[in-house]
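Subject: Structure for you to look at

Hello,

Here is the structure I said I would pass on. Please open it first, then read the notes below it.

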Amino acid sequence: THFFDQSLFSSFSANPADIIMRLLTHNTMRNNTSEAKGKGFPLKITAVEVKVIDNPEAGATKRDIEFVKRMLPTLEWPALVQAATELGIPTLPPSLSVELAEDRAFLQALYHILMNVHLIKGMLTCPVTGREFPVTDGIPNMMLEEEECERVRL
């Protein structure tokens, strides 16, 4: 069972360490400026370039499945569904059921989505402030000026 259409992406073989911006990474990112007031999540993705690591064994090992199972409680599921959709993967279910959380084929596909789908070039935009954070060569630039920080210590 395929949970997303692989034809939407260009595939290539590469060392996964060469590409940084995974959907798993995106799921933890927020705009922490004082202007966002703690509500700068989830960041909207505008993709210019997306790559998928061509790894047919992704998620196939017991270790990979356990990793995904342990990540499930920490994932912001609606944000992941939104991000996947913004990257051309509209097939994640809107909610996560107990049955899916135990379905090996689903967990393997989810591992692939979390770990092997990369935003190479694009923009992350705060839903509250509209602030844009560029992603270049797979690296998001989230640098803030000191006066923009939510918790500035004097």
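A residue is called buried when its relative accessible area is under 20%. By that cut-off, 40% of the 154 residues of the chain are buried. Please keep in mind that this is a predicted model.

Confidence comes next. The average pLDDT of the chain is 85, and 84% of the residues reach at least 70. Residues 1-14 fall below 50, although this stretch still has 29 contacts in the model beyond near neighbours in sequence. Where pLDDT is low, the predicted coordinates should not be read in detail.

As for the fold, the chain has five helices and five strands. Starting at the N terminus, their order is β-α-β-α-α-α-α-β-β-β. Among contacts with a separation of 6 or more, 74% join residues 24 or more positions apart. The chain exposes about 8,900 Å², and 52% of this comes from carbon and sulfur atoms.

Helix α3 covers residues 77-86, and its buried residues are Trp77, Ala79, Leu80, Val81, Ala83 and Ala84. What do the buried residues of α3 pack against? Their partners are α1 (23-26), β2 (44-53) and α5 (104-116). After α3 comes Gly88, which has a positive phi, near 90°.

Now the aromatic rings. A pair of aromatic rings is described by the distance of the centres and the angle of the planes. The count here is two aromatic pairs.

In one of them, the ring centres of Phe67 and Tyr111 are 6.2 Å apart. Their planes stand at 80°, and the cut-off for edge-to-face is over 60, so this pair is edge-to-face. Phe67 belongs to helix α2 (residues 62-71) and Tyr111 to helix α5, so the pair links distant parts of the chain, 44 residues apart. Phe67 is partly exposed at 30% relative accessible area, whereas Tyr111 counts as buried at 14%.

Trp77 and Phe106 also form an aromatic pair, with 6.2 Å from centre to centre and 50° between the planes, and this one is tilted. Because Trp77 lies in helix α3 and Phe106 in helix α5, the pair ties together parts that are 29 residues apart in sequence. Is each of these residues buried or exposed? Trp77 is buried, with a relative accessible area of 8%, and Phe106 is buried too, at 1%.

One further item concerns a charge and a ring. The charged end of Arg30 sits over the ring of Phe41, at 4.0 Å from the ring centre.

Regards

Methods: Residues are numbered from 1 along each chain as its sequence is written. This is a predicted model: local features need pLDDT of at least 70, side-chain atom pairs count only at pLDDT 80 or more; totals for chains, interfaces and linings use all residues. Side-chain values use heavy atoms; hydrogens and water are left out. Helices (H or I, at least four residues) and strands (E, at least two) are DSSP runs, numbered from the N terminus. Buried means under 20% relative accessible area, exposed over 50%, partly exposed in between (1.4 Å probe, protein chains only). Contact means heavy atoms within 4.5 Å. Accessible areas come from the Shrake-Rupley method with a 1.4 Å probe; for residues, only the protein chains shown count as cover. pLDDT is the predictor's confidence in each residue, from 0 to 100. Rings of Phe, Tyr and Trp (its six-membered ring) pair if their centres lie within 6.5 Å; planes under 30 degrees apart count as stacked, over 60 as edge-to-face and the rest as tilted. A charge sits over a ring if NZ of Lys or CZ of Arg is within 6 Å of the ring centre and within 35 degrees of the ring normal.
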